[in-house]
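Please have the sequence and the coordinates at hand while reading.

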Amino acid sequence: FTYRSILGQGVHVVQLSDTENGVILPDSVINTSYPMNVAQLPVPSASSQWSVNTVINAFGDIYEEVQTQRWGAEIDFTVGGCSFRGIPGKVRYASDGFQIDEEIMFLPDLGMSLLMSYDDSESDKDTFTYVEARTTQ
């Protein structure tokens, strides 16, 4: 199976799910509700931070989660032979007794982000390396 992420403004997790052969597995869907419309979520900017209280609907449970984002200074970020403006970020998702820390790279010119690392404190930290960038039609 593969993963599917819907991101508001290219960075805010709106929905996560697993897919198999391109079809969403309904039992895997996790939805995040923000206190504003997705179009009103902030676009990351260099050297900024943002925190928000959200509501998560996952696997039949509904719970509150605090998301905190911290953005660093803009850098040049290279994938394969392509260079992009990048804003490195650290995002923390915290709820009752559980915490996830992610490092992400927001690419303002593309309006999207890449997950660089994932640490849920229950297993080893996962780190991701991107080796190629391609356009598709």
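## Nonpolar cores

The largest nonpolar core is made up of nine residues, V11, V13, W71, I87, V91, Y93, I100, I104 and F106, where a core is a set of buried Ala, Val, Leu, Ile, Met, Phe, Trp, Tyr and Cys residues joined through side-chain atoms within 4.5 Å. Strand 8 (82-95) and strand 9 (98-107) each contribute at least two residues to this core. A second, separate core has seven residues, including F84, M105, L107 and L114. In soluble globular proteins, nonpolar side chains tend to be buried together. Buried here means under 20% relative accessible area, exposed over 50%, and partly exposed in between, with a 1.4 Å probe and protein chains only.

## Basis of the model

This is a predicted model, in which local features need pLDDT of at least 70 and side-chain atom pairs count only at pLDDT 80 or more, whereas totals for chains, interfaces and linings use all residues. Residues are numbered from 1 along each chain as its sequence is written, and side-chain values use heavy atoms, with hydrogens and water left out.

## Strands and hairpins

The protein has zero helices and 11 strands; helices (H or I, at least four residues) and strands (E, at least two) are DSSP runs numbered from the N terminus. Strand 8 and strand 9 run antiparallel and are joined by nine bridges, two strands counting as paired if DSSP finds at least two bridges between them. In this pairing A94 stands opposite Q99 of strand 9, and the hairpin has two residues between the strands, with G97 taking a positive phi near 70°.

Strand 9 also pairs in the antiparallel sense with strand 10 (residues 112-119), over seven bridges. Here E102 has Y118 in strand 10 as its bridge partner. The hairpin of strand 9 and strand 10 has four residues between the strands, and G111 takes a positive phi near 65°.

## Salt bridges

The whole structure holds four salt bridges, each defined by a side-chain nitrogen of Lys or Arg within 4 Å of a carboxyl oxygen of Asp or Glu. The side chains of E74 and R85 form one of them, at 3.0 Å from N to O, and this pair links distant parts of the chain, with E74 in the loop between strand 6 (61-71) and strand 7 (75-79) and R85 in strand 8, 11 residues apart. R85 also meets D109 in a salt bridge at 2.8 Å, N to O; because R85 lies in strand 8 and D109 in the loop between strand 9 and strand 10, the pair ties together parts that are 24 residues apart in sequence.

E74 counts as partly exposed at 40% relative accessibility, R85 as partly exposed at 33%, and D109 as exposed at 52%. In another salt bridge, the closest N and O atoms of D101 and R92 are 2.6 Å apart; D101 is partly exposed, with a relative accessible area of 24%, and R92 is partly exposed, with 36%.

## Overall dimensions

Along its principal axes, the C-alpha trace spans about 45 × 35 × 35 Å. Of the 137 residues of the protein, 31% count as buried.
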